[in-house]
Each structure stands twice: as structure tokens, then as C-alpha cells.
Amino acid sequence: MKLIIKQRLLSVLDSYNIFDEYDHVIYTVKSRLSFGHKLEVYDASNNHIATIREEVLTFLPRFKMYVDDHYIGSFCKKMSLFRPKYILDFNDWSIEGDVFGWNYSICSRKGVIASIHKEVLHVMDYYVIDVKDPQDALYAMLIVLSIDAEKCTAQSNAN
């Protein structure tokens, strides 16, 4: 299953849709004003199904993921010198590859859960998530959204 994130430019307090490979809206992501990032995910029927919240009083960026208001795991940046490294506390999954260049995979001990890459020949940010098992699609998307939010935080802190 493929998920395609098409973010509008300057979508900080905006919403954007996530599509399947047939260009059907599967999810809608809405940014909410809060202290730190807060992203709410809605299904195609506009039911709230998940939330990502940034913890703001931490040394390095950390994001908590919730499905149906139940905590499922976290994502945080790890101290590193040259390339960004991340710790994923969810389902014994890990992140491998070039996250900085947006070509990476979400893996488990059994193999690749999802492959992610950013397509650069688009006016807006355009990410493709290729998920092996459709049951993992929501979780993979939450991880990708957390990484994107962390990069946005890093950019705003650099400015």
C-alpha cells in the first residue's frame, strides 16, 4: 500500500491530505496551535483517529504518538555529530537509512515495514510511504509525520 503526503508550502497551521496510490484521500492531518507541534489525524470520514504531540521541555526533540487517545509510543532525536539519528520507541521497530535525505525505512526484526522517500520535482513537499502491510499504514504514517515535525522544529530553531 502506498501513502502519499502532499504538504502545502507554509502548512504550519494548516491541514493537508494523505492519499493512496489511486489519489483517494485516506487521512487528513490538521495542525493545532499549541506549545510545540500538535498534529491531529482524521480518517476519510473525518473521525479523529490519532495525535502526535511534541514534548517541549526536553533537551532534544521528542514526540509522543497516540491512537484513539491511547499512548502507543514515542520518537526522539538522538545526539549525533554528522548525521541525524533517531530513537523509535514503538513496537520494537527501528529507523534505518538516510533520514536526512528522506530515503529511509522503518524496520522490525522480521524485515522492512515501510520505505519512505521524498520526491523533489514537486512544488510542495511530496513524500511517498510504501507500506508492506496495510495494517501498519497508520503507524508508519505517524512516524513519518513525527520525523517531518522534528525537521520543522530544527529549522525553526536554526532561524
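Reader: Is Val56 buried, partly exposed or exposed, and why?

Author: In this predicted model, Val56 counts as partly exposed because its relative accessibility is 33%.

Reader: And where is Val56 in the chain?

Author: Val56 is in a loop, between strand 5 (48-55) and strand 6 (62-67).

Reader: Which residues make that nonpolar surface patch?

Author: Phe35, Val56 and Leu57 make it, and the patch covers about 380 Å².

Reader: What share of the residues is buried, then?

Author: The protein chain has 159 residues, and 42% of them count as buried.

Reader: What about the secondary structure, how many helices and strands?

Author: There are 12 strands and 1 helix.

Reader: What part of the contacts joins residues 24 or more positions apart?

Author: Taking the contacts with a separation of 6 or more, such pairs account for 31%.

Reader: Switching to cysteines. Are Cys76 and Cys107 buried or exposed, and why?

Author: Cys76 counts as buried because its relative accessibility is 8%, under the 20% cut-off. Cys107 is also buried, since its value is 7%.

Reader: How many disulfides are there?

Author: The count is 0. The rule asks for a pair of cysteine sulfur atoms within 2.5 Å.

Key:
Residues numbered from 1 in each chain as written. Predicted model: local features only at pLDDT ≥ 70, side-chain atom pairs only at ≥ 80, totals over all residues. Heavy atoms only, no water. Buried < 20%, exposed > 50% of the residue type's maximum accessible area, 1.4 Å probe, protein only. Helix = DSSP H or I, 4+ residues; strand = E, 2+ residues; numbered from the N terminus. Contact = heavy atoms within 4.5 Å. Patch = residues over 30% accessible without salt bridge, like charges linked within 9 Å, V, L, I, M, F, W, Y side chains within 5 Å. Areas by Shrake-Rupley, 256 points an atom, 1.4 Å probe, with all protein chains shown as cover. Salt bridge = Lys/Arg side-chain N within 4 Å of Asp/Glu carboxyl O.
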